[in-house]
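Look through the sequence and the 3D view that follow, and then work through the exercises in order. Each task is followed by a solution in steps.

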Amino acid sequence: MKAHTSARRYPCETCGKTFSQNSHLSRHIRTHTGEKPFRCEVCGKGFPENYTLKTHMKTHTGVKPFHCDICDKDFTEKATLIKHTRSHTGLRPYSCETCGDSFADHSTLRTHIRTHTGEKPYHCEICGKDFAVHSNFKKHLRIHARQQELFQCENCGEKFSHRFYLMKHVETHAPKSITQLRCQICGDNFIDSVALQSHLKIHND
């Protein structure tokens with residue numbers, strides 16, 4: 001019989017974490033790259049693991065075979081039911097070896113441990129910022145997505161957060177005639193009508 005070894009021979013080049021199997025390393029690397037090779041044929045949504053895809057497929061079929069006897073809620077996965085049941089019992093079987101805090105599920109414990117280790121496995125390829133919590137990482141990505149939807153100047157490509165500022169900027173590319181933007185009292189010139197109107201108040205006072 002072959003002796004089992006606890007050696008972790010497969011290191012992650014991004015964060016240095018090591019794994020005993022190459023398949024585990026490959027799965028871990030997806031937390032850095034965001035790769036989602038398993039795709040739902042119904043809605044097109046991608047997933048990093050095949051088992052998460054299988055769980056997702058049940059949202060299309062509506063099958064929820066796992067039932068909570070306490071509150072009558074139904075769930076697609078047994079693990080989700082077990083986690084839910086602890087909200088009734090208050091059971092927290094997963095404890096942090098560093099500070100002693102306990103948690104109802106292992107994933108929450110794993111996220112908590114990063115507050116001690118400083119590990120931030122979720123990396124933004126756009127700005128380089130790293131995150132310890134996946135939900136915070138997703139929120140951050142939405143900021144970049146919104147930035148892509150800003151009002152953009154067709155002349156120079158500059159982007160603005162509001163249409164008002166874009167319209168003011170556009171006037172610098174295609175200003176009105178110099179006589180329209182010149183103060184008829186003192187002869188000063190202005191790049192937009194708003195600035196001219198503000199200036200005229202000086203003469204009216």
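The model is predicted, so local features need pLDDT of at least 70 and side-chain atom pairs count only at pLDDT 80 or more, while totals for chains, interfaces and linings use all residues. Residues are numbered from 1 along each chain as its sequence is written, and side-chain values use heavy atoms, with hydrogens and water left out.

**Exercise 1.** Describe the largest pocket and its lining.

Solution. Begin with the volume, which is about 1,700 Å³ for the largest pocket. Next, turn to the lining, which is made up of 48 residues, with Pro48, Tyr51, Thr52, Arg110 and Tyr122 lying nearest the centre. Finally, ask which element contributes the most: helix 1 does, with seven residues.

**Exercise 2.** Find the partner of Glu49 in a salt bridge.

Solution. A salt bridge needs a side-chain nitrogen of Lys or Arg within 4 Å of a carboxyl oxygen of Asp or Glu. Glu49 sits in the loop between strand 4 and helix 2 and Arg27 in helix 1, so the pair ties together parts 22 residues apart in sequence. The whole structure holds five salt bridges.

**Exercise 3.** Locate the patch of positive charge on the surface.

Solution. First list the residues that gather there, namely Lys36, Arg39, Lys45, Lys138, Lys139, Arg142 and Arg146. Then look for the element that gives the most to this patch, which is helix 5 (residues 134–147), with four residues. Arg146 is found in helix 5.

Note on methods
Patch = residues over 30% accessible without salt bridge, like charges linked within 9 Å, V, L, I, M, F, W, Y side chains within 5 Å. Areas by Shrake-Rupley, 256 points an atom, 1.4 Å probe, with all protein chains shown as cover. Lys, Arg positive; Asp, Glu negative; His and termini not counted. Charge placed at Lys NZ, Arg CZ, Asp CG, Glu CD. Helix = DSSP H or I, 4+ residues; strand = E, 2+ residues; numbered from the N terminus. 1 Å grid on protein atoms, 1.4 Å probe; cavity = no way out; pocket = protein on both sides within 12 Å on 5 of 7 lines; lining within 4 Å. Points joined across faces, edges and corners; volume = space filled by probe spheres on them.
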